[in-house]
Amino acid sequence: MPDEVGVVHAPVGSLAQRVFTDIRRWSVMPHGGHFAAMEQLQALAEEIRAFYRPLR
């Protein structure tokens, strides 16, 4: 979530790609912070649905 305190997203993503070679999905949410389920419930629910959709 972009409003997470103390988190810089671009370096985290590039670091994760170097460490974990089989990342299937990486999403940067447009809004929200640490408590995503309370702050951006609809966006989080859509992201979770999108994650599981290919597994159906």
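Author: Let's start with D22, which counts as exposed because its relative accessibility is 51%; exposed means over 50% relative accessible area, buried under 20%, and partly exposed in between, with a 1.4 Å probe and protein chains only. Please keep in mind that this is a predicted model, where local features need pLDDT of at least 70, side-chain atom pairs count only at pLDDT 80 or more, and totals for chains, interfaces and linings use all residues. Residues are numbered from 1 along each chain as its sequence is written, and side-chain values use heavy atoms, leaving out hydrogens and water.

The side chain of D22 meets that of R24 in a salt bridge, at 2.9 Å from N to O. The term stands for a side-chain nitrogen of Lys or Arg within 4 Å of a carboxyl oxygen of Asp or Glu. By this rule there are two salt bridges. R24 is exposed too, because its relative accessibility is 71%.

The other pair is R25 with E47, whose closest N and O atoms are 2.6 Å apart. R25 sits in the loop between α1 and α2 (36–39), while E47 belongs to helix α3 (residues 41–52), so this pair ties together parts 22 residues apart in sequence. Helices here are DSSP runs of H or I with at least four residues, numbered from the N terminus. R25 has 36% relative accessibility and so counts as partly exposed.

Note on methods: Helix = DSSP H or I, 4+ residues; strand = E, 2+ residues; numbered from the N terminus.
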